[in-house]
Amino acid sequence: QVQLVESGGGLVQAGGSLRLSCAASGSFISINDMGWYRQAPGEQRELVASITSGGTTNYAASLKGRFTISRDNANNTMYLQMNSLKPEDTAIYYCHAQIIKYGLRRGYWGQGTQVTVSS
């Protein structure tokens with residue numbers, strides 16, 4: 001069983017910061033690409049940022065400069081540092097990981113963590 005557990009969401013005022021974490025646990029060989037997605041009410045889920053196992057990062061163009069993605073491969077954990085938060089950043093943030101298990105690569109999702117930015 002593979003699990004991704006997000007933490008660090010909450011309520012913050014506009015201009016504030018939050019740091020999200022995503023911890024992978026269970027039985028698997030390795031983790032390839034990881035990423036953060038978000039879904040606001042009534043909207044489609046969208047990519048926030050992604051990071052390869054080697055540390056190459058990719059960001060949604062509108063978020064680059066405010067958000068920073070990172071990972072700790074030794075502890076199977078990924079982070080999202082979010083600065084200068086805006087009300088439009090309010091959404092459920094989901095962790096996604098491509099995990100190698102039994103020779104197969106499969107995508108897994110976390111349960112999501114709510115981020116609410118008040119104006």
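This is a predicted model: local features need pLDDT of at least 70, side-chain atom pairs count only at pLDDT 80 or more; totals for chains, interfaces and linings use all residues.
Residues are numbered from 1 along each chain as its sequence is written, and side-chain values use heavy atoms, with hydrogens and water left out.

The structure holds 1 disulfide, a term for a pair of cysteine sulfur atoms within 2.5 Å. In general, a disulfide is a covalent bond between the sulfur atoms of two cysteines. Here Cys 22 is joined to Cys 95, with an S to S distance of 1.9 Å. The pair links distant parts of the chain, 73 residues apart: Cys 22 belongs to strand 3 (residues 18-26) and Cys 95 to strand 9 (residues 91-101). Strands (E, at least two residues) are DSSP runs, numbered from the N terminus. The link is left-handed, with -60 degrees about the S-S bond. Both Cys 22 and Cys 95 are buried, where buried means under 20% relative accessible area, exposed over 50%, and partly exposed in between (1.4 Å probe, protein chains only).

Cys 22 is also one of the residues touched by Val 5. Val 5 lies in strand 1 (residues 2-7) and is partly exposed, with a relative accessible area of 40%. Not counting residues up to four places away in sequence, Val 5 touches Ser 21, Cys 22, Ala 23 and Gln 111; contact means heavy atoms within 4.5 Å.

An open sheet is formed by 4 strands in the order 1-3-8-7, with antiparallel pairing. Two strands pair if DSSP finds at least two bridges between them. Strand 1 and strand 7 (67-72) are the edge strands, each pairing on one side only. Strand 7 pairs with strand 8 (residues 77-82) in the antiparallel sense over 6 bridges, and Arg 71 has Met 78 in strand 8 as its bridge partner.

Strand 9 is mostly covered, as 9 of its 11 residues are buried. Strand 4 (residues 30-39) runs antiparallel to strand 9 and is joined to it by 8 bridges; Ser 30 stands opposite Ile 100 in strand 9. With strand 11 (residues 113-118), strand 9 pairs in the antiparallel sense over 3 bridges, and the bridge partner of Ile 92 in strand 11 is Gln 114. Strand 10 (residues 104-109) is antiparallel to strand 9 and joined to it by 6 bridges, with His 96 opposite Trp 109. Strand 9 and strand 10 form a hairpin with 2 residues between them, and Tyr 102 in the turn has a positive phi of about 55 degrees.
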